[in-house]
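Here's a quick walk through one structure, a few spots at a time. Keep the 3D view open as you read.

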Amino acid sequence: MTHAVIGYGRMAKALVPALQAAGEEVVIARRADGAAAVADAARSADWVWLTVPDDHIAATAAALPWRTGQLALHCSGATPLTALAPAPAAASFHPLKLLAGDADLAGVHVGIEADGVRRRELQALAERLGLIPLILPSPMGAQARAAYHAAANLAASGVLAVLAEASALWAAAGLAADDALPALLPLTRGALDTAALRGLAGAVSGPVARGDTRVLARHLEALASAGLDNDLLLALGRRQLALAEAAGRLGGPQVAALRALLAGPGTRLHRP
Ligand SMILES: NC(=O)c1ccc[n+]([C@@H]2O[C@H](COP(=O)([O-])OP(=O)(O)OC[C@H]3O[C@@H](n4cnc5c(N)ncnc54)[C@H](OP(=O)(O)O)[C@@H]3O)[C@@H](O)[C@H]2O)c1
C-alpha cells in the first residue's frame, strides 16, 4: 500500500510518522512543491490523504488527477465525504485528539466513515497504528456529524476555554499569573482521572455538588467585583447541578436553592 499525504500541517506531522512506523510507504506533497509535483505524488499512491484545512478539502480533491482504484481520505470530523466526490472512492479517518505539533496518535480513538471493504481496511490500519477504531455511520447525517464534531471540540478546546476563565479568576485574586496553569492543570488532570474511574456524576465535587449555596454566591460576587462575565460559571454550575442530582447527592431544598442562584442567562460584560 502506498500513501500520498497532501498538506503537511499538524495532522500530517502526527499521521506520517505513524504510517511509516507501521511500515507503510508514504510520500508527502506540499503546496510549495508546486501543483505538478502534488499531482504526481497523488497519482503515485493508492491512498491519497488530504490533510488540508477543512474548507480546502473539496477544492484540493477537485484539483487532483484521480485514477481508478484510488481512495481519497480526509481527517476531518466536520466534513462530509461528498467533499471528496471527484475521487473514485472516499473515506474519513478522524483521530480524536487535539494535535499541535509532533503528537503521538497511539491509544487515540479514530472516527472511521467508510463503506464495505474500505471500512475493514481502515479498521485494520487503525489497529496497526495503535489507534482505537470507532466506526461512524456511513453516510453520516449532517446533524449527527455536527453534533459529533461539537462534542469532540468541547472535550478538547472547550476545556482550554474553561482553564482560560479559571486563570482570569486566579489573576483577579491577585495571584501571580505565571502560577495559574501549573497550579490549576493538576486539578483538571485529577478530575479527569477520577471521572475515568468513577464516571462524571461519581467524580463531581465542589460547592454545587455539596449544596454549599453561600460559597457559590461568593464566587458569583467575586466575578462581579472583578468585572468578569458570569455566563460560563452559571452554565457550568447548572451542568454540575445535573451531575450532582444524578449522583443523588442533594436534597430537594438544596437543589431548589442552587437552581435559583444559577438561573438566568448571566451577565455578559462587553470588553474590548
Ligand atoms: N490539528 C488537530 O488537532 C486536528 C485533529 C483532528 C482532525 N484534524 C483535521 O486534520 C486536517 C488538517 O488539519 P491541521 O490541524 O493539520 O491543519 P494545519 O496544521 O493548518 O495544516 C494544514 C496544511 O494544509 C496545507 N494548506 C494550508 N492552507 C491550504 C490551502 N488554502 N489549500 C490547500 N492546502 C492548504 C498546508 O500544508 P503545506 O504547506 O504543506 O501545503 C498546511 O500545513 C483538517 O481536516 C482537520 O479538521 C485536525
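Let's begin with Ala171, which sits in helix 5, the stretch covering residues 142-172. Bear in mind that this is a predicted model. Is Ala171 exposed, buried or partly exposed? It counts as partly exposed, because 14 other C-beta atoms lie within 10 Å, and being buried would take 20 or more.

If you skip the neighbours within four places in sequence, Ala171 touches Ala177 and Ala180. Arg145, on the other hand, is 26 residues away in sequence and 38 Å away in space, going C-alpha to C-alpha.

## Helix 6, out in the open

Ala177 also opens helix 6, which runs over residues 177-198. Its 22 residues reach 32 Å from the first C-alpha to the last, close to the 32 Å expected at 1.5 Å a residue. How many of the residues of helix 6 are buried? Zero, so this helix lies largely in the open.

Nonpolar side chains tend to be buried together in soluble globular proteins. Here the largest nonpolar core has 43 residues, and Ala4, Ile6, Ala42, Val48, Trp49, Leu50 and Ala72 have the most contacts inside it. Helix 1 is the top contributor to this core, with six residues.

Take Ala42 as an example: sequence neighbours within four places aside, its contacts are Ala4, Ile6, Ala29, Val48, Leu64 and Pro65. There's also a second, separate core of seven residues, with Val204, Val208, Leu241 and Ala244 among them.

## Helix 10 and its buried side

Leu241 and Ala244 turn up again in helix 10, whose buried residues are Leu233, Gly237, Gln240, Leu241 and Ala244. These cover an arc of only 110° around the axis, so they're on the same side of helix 10. As a rule, an α-helix has 3.6 residues a turn, so residues three or four places apart point the same way.

What do the buried residues of helix 10 pack against? Their partners are helix 8 (207-210), helix 9 (213-226) and helix 11 (252-262). As for length, the 16 residues of helix 10 (231-246) should span 22 Å at 1.5 Å a residue, and the end C-alpha atoms are 23 Å apart, which agrees. Gly248 follows helix 10 and has a positive phi, near 70°.

## Around the ligand

The ligand has 21 residues around it, and Gly7, Gly9, Met11, Arg30 and Ser76 come nearest. Helix 1 (10-21) and strand 5 (90-95) are the elements that give two or more residues to this shell, and helix 1 gives the most, three. Sorted by class, the shell has nine nonpolar, eight polar and four charged residues.

Terms used. Residues are numbered from 1 along each chain as its sequence is written. This is a predicted model: local features need pLDDT of at least 70, side-chain atom pairs count only at pLDDT 80 or more; totals for chains, interfaces and linings use all residues. A residue is near a molecule or strand if its C-beta atom, placed from the backbone, lies within 6 Å of it. Helices (H or I, at least four residues) and strands (E, at least two) are DSSP runs, numbered from the N terminus. Ala, Val, Leu, Ile, Met, Phe, Trp, Tyr, Cys and Pro count as nonpolar, Asp, Glu, Lys and Arg as charged, and the others, Gly among them, as polar. A residue is buried if 20 or more other C-beta atoms lie within 10 Å of its own, exposed if 12 or fewer, and partly exposed in between; C-beta atoms are placed from the backbone. Two residues are in contact if their C-beta atoms, placed from the backbone, lie within 7 Å. The expected span of a helix is 1.5 Å times one less than its number of residues. A nonpolar core is a set of buried Ala, Val, Leu, Ile, Met, Phe, Trp, Tyr and Cys residues joined through C-beta atoms within 7 Å. The arc is that of the directions from the helix axis to the C-beta atoms.
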